[in-house]
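This briefing concerns side-chain contacts in one protein model. Please keep the sequence and the structure at hand while reading.

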Amino acid sequence: MVGTLDIALDKVAQSRISEFDENNIQFAKVYSDHMFEAHYRNGHWEDMVIKPYGDLSISPANTTLHYGQSIFEGLKAYKADNGDILVFRPQANAQRMIKSAERMCIPAVSEEMFMSTLNELLKIDSDWVPSKPGTSLYIRPITFGLDPFIGIRPSDEYMFLIFTSPVGGYYSEPISVKVETHYTRAAPGGVGAAKTAGNYAAALYPALQAQKSGYSQLIWTDGLTHEYVEESGTMNIAFIIDDTLVTAPTSDTILHGITRDSVLTLAQDLGINVEERRLSVKELIEGLNSGRVKEAFGIGTAATIAPIKLIGHEGSDYDLPSIDNWEFAPKILKALDEIKTGKVEDKFNWVYRVR
Ligand code: COI
């Protein structure tokens, strides 16, 4: 048994870590030795175990496979220079997962359970946390319905898993994005703010259409008018207009990004003006034409700060100024990286040290 909870431990006979080449890390190509698993039955979480990472056995009638009753999180752990494992804002992920759970009728994993199980898993797989600049251990908690039942109702039983993967950057180079004004990611009253499977499945087709036209991702606009910028395909999005960082305010159609929140806090701390306000596509295009839009970047856990080099809208492409001349995003990224890796004082109390 490990930790303060009743967690059984079933360790791998032989670690697979030699399969992982720290000099050639791609996003989520290899998974660490162990995963945490718990089952929800009869109103509580039980059968907690840390066991070898591996396939699951699930009924073909599994409710999640058919109806998508599934929520997940994404967070990252870093190796400090002294070898400590630092996790960036895990309590915020636990809290967001509780909100997603409520929206998707899924029993929540408490913050205490989330933190204890994460701590134990990371202790066991600490060797998998890479240390090279730009690398980290991506952590994927997920909860989903388990019932073998194809009627429509919330599942009675659930599984909660945490598994991890050493990663580099999600995007290897600056991206081109297309402003999407036909398809809709999220509508008021819908599930856009929940980190739930269907949001990502629904985005695949529009993203693929954009990719066929040479763009890597979309900029989603609001579902009612398609006149206002909301978020990007895999992340929130922000712009430097003149000397102000502008990003859409969170709402029930926008994911409440933890990296987004961190970037806004750090930008203010660095003395950068921040405006959380609706940004119309018209203002964006005018700003790109006039040169007032100086920088544009995605913000997310996997993507961190992903520079955008080009924005497409209604058949025209608009180049951003050369990234080599950017002033704001690199400064914020540096400040974020230094906190995550324990190089500077953690004055916002964001870092959790595995113990
Ligand atoms: C994350 O940034 O953690 C996400 O969940 C987005 C996904 C595209 C990897």
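Is R260 buried or exposed? R260 is buried, with a relative accessible area of 5%; buried means under 20% relative accessible area, exposed over 50%, and partly exposed in between (1.4 Å probe, protein chains only). The model is predicted, so local features need pLDDT of at least 70 and side-chain atom pairs count only at pLDDT 80 or more, while totals for chains, interfaces and linings use all residues. Residues are numbered from 1 along each chain as its sequence is written, and side-chain values use heavy atoms, with hydrogens and water left out.

**Salt bridges**

- The whole structure contains 19 salt bridges, a salt bridge being a side-chain nitrogen of Lys or Arg within 4 Å of a carboxyl oxygen of Asp or Glu.
- R260 forms a salt bridge with E276, with 2.7 Å between the closest N and O atoms. This pair links distant parts of the chain, 16 residues apart: R260 is in helix 5 and E276 in strand 14 (residues 273-276). Helices (H or I, at least four residues) and strands (E, at least two) are DSSP runs, numbered from the N terminus.
- E276 is partly exposed, at 44% relative accessibility.
- R89 and D261 meet through their side chains in a salt bridge (2.9 Å, N to O). R89 lies in the loop between strand 6 (85-88) and helix 2, and D261 lies in helix 5 (residues 258-269), so the pair ties together parts that are 172 residues apart in sequence.
- R89 is buried at 14% relative accessible area, whereas D261 is partly exposed at 34%.
- A salt bridge also joins the side chains of R96 and E73 (2.7 Å, N to O). R96 belongs to helix 2 (residues 90-103) and E73 to the loop between strand 4 (70-72) and strand 5 (75-79), 23 residues apart.
- R96 is buried at 9% relative accessibility, and E73 is buried at 0%.
- A network of salt bridges links R41, E46, D47 and E157.

**Aromatic pairs**

- The structure holds 16 aromatic pairs. Rings of Phe, Tyr and Trp (its six-membered ring) pair if their centres lie within 6.5 Å; planes under 30 degrees apart count as stacked, over 60 as edge-to-face and the rest as tilted.
- F36, Y40, W45, F114, Y158 and F160 are linked into a cluster by ring pairs.

**Charges over rings**

- The charged end of R278 sits over the ring of Y228, 3.9 Å from its centre; the criterion is NZ of Lys or CZ of Arg within 6 Å of the ring centre and within 35 degrees of the ring normal.
- K340 lies over the face of F88, 5.3 Å from the ring centre.
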